[in-house]
Amino acid sequence: MTDRALAVVRAGALTTVQDLGRPGHAHLGVPRSGALDQPAAALVNRLVGNPATAAVLETTLNGCALRPRSDVTVAVGGAPCPVTVDGRPAPWGTPVRIAAGALLNVGTAHYGVRAYIAFSGGVTVEPVLGSRSTDLLSGLGPPPLTDGTVLPLGRPAGPHARVDVVPQPGPPAELVLRVTPGPRDDWFTAEALRAFTTRAYRVSSASNRIGLRTEGPALERAVHGELPSEGMVLGAVQVPPDGRPVVFLADHPTTGGYPVIGVVRAADLPAVAQAVPGTPVRFMAVRRR
């Protein structure tokens, strides 16, 4: 095996390989997948000199520990967290040169949920349908990392950024999600439609890469029949039988049989990736464009 590789010493709660995803395959039943916080993933790629398409690692809550087999430039972004190299503090949000055999430890997020780790050359696991992303729902792409996994790295594409630190948006104290109503908003009572955009919800601890689950007032349906399964899109707000809205994220199913009350604007979804359980959520209705 090439020395352009890294070994996973501590995989953490959930660490996956992610890139821009595999859009355009919904007709085959394949979700988009990809990094949940795409601006954070793109930024760490830029910091180490990678193109936006390079694959990075996405960690969940408690980070991971890695040992590169060759010298490599690394950048950590997304959820702010402690970073150490061989036990010594290293900067977050800026390129760091790490020697072969050194131990990079990305610690527990101070706030937020997901950190992103880019390596010069990118993670070069075998692509599936044009993407290296792990898809937790379909099982496409590499499996979530486990201790002892070895990941190949590509050759650097260019020099890393010459910066001390780059501003990044902090995890949200409150999620304000702009929602375009429909296509099945007529399946809900007038009171449910008012509650959806005026009452407060919270992020549920059951949230994951498939969807942001919420806690709050149940939305009552006006139509109680069965809905034939229909296509789902990124950001669709589906309402299951318990009445609590679920916002579909990168690994969402491509079809579903519960009514969709609205669709969240794509620009609002990166913040969802960093919302910890208990974060207040407000849905704000906007006109169709």
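Helices (H or I, at least four residues) and strands (E, at least two) are DSSP runs, numbered from the N terminus. The model is predicted: local features need pLDDT of at least 70 and side-chain atom pairs count only at pLDDT 80 or more, while totals for chains, interfaces and linings use all residues. Residues are numbered from 1 along each chain as its sequence is written, and side-chain values use heavy atoms, with hydrogens and water left out.

Two cavities of 30 Å³ or more are present. A cavity is a set of points, on a 1 Å grid over the protein atoms alone, where a 1.4 Å probe fits but cannot get out; lining residues have an atom within 4 Å of a point. Points are joined across faces, edges and corners, and a volume is the space filled by probe spheres set on them.

| Cavity | Volume |
|---|---|
| Largest cavity | About 50 Å³ |
| Second largest cavity | About 40 Å³ |

Around the largest cavity, helix H1 (residues 38-47) contributes the largest share of the lining, four residues. The lining includes Gln18, Asp19, Leu20, Gln38, Asn45 and Val56. By class it comprises seven nonpolar, three polar and one charged residue, where Ala, Val, Leu, Ile, Met, Phe, Trp, Tyr, Cys and Pro count as nonpolar, Asp, Glu, Lys and Arg as charged, and the others, Gly among them, as polar.

The lining of the second largest cavity has nine nonpolar residues, with no polar and no charged ones. Among them are Val74, Val83, Pro91, Ile98 and Leu104. Strands E5 (72-78) and E8 (96-98) each supply at least two lining residues, and E5 gives the most, with three.

Definitions and conventions:
1 Å grid on protein atoms, 1.4 Å probe; cavity = no way out; pocket = protein on both sides within 12 Å on 5 of 7 lines; lining within 4 Å.
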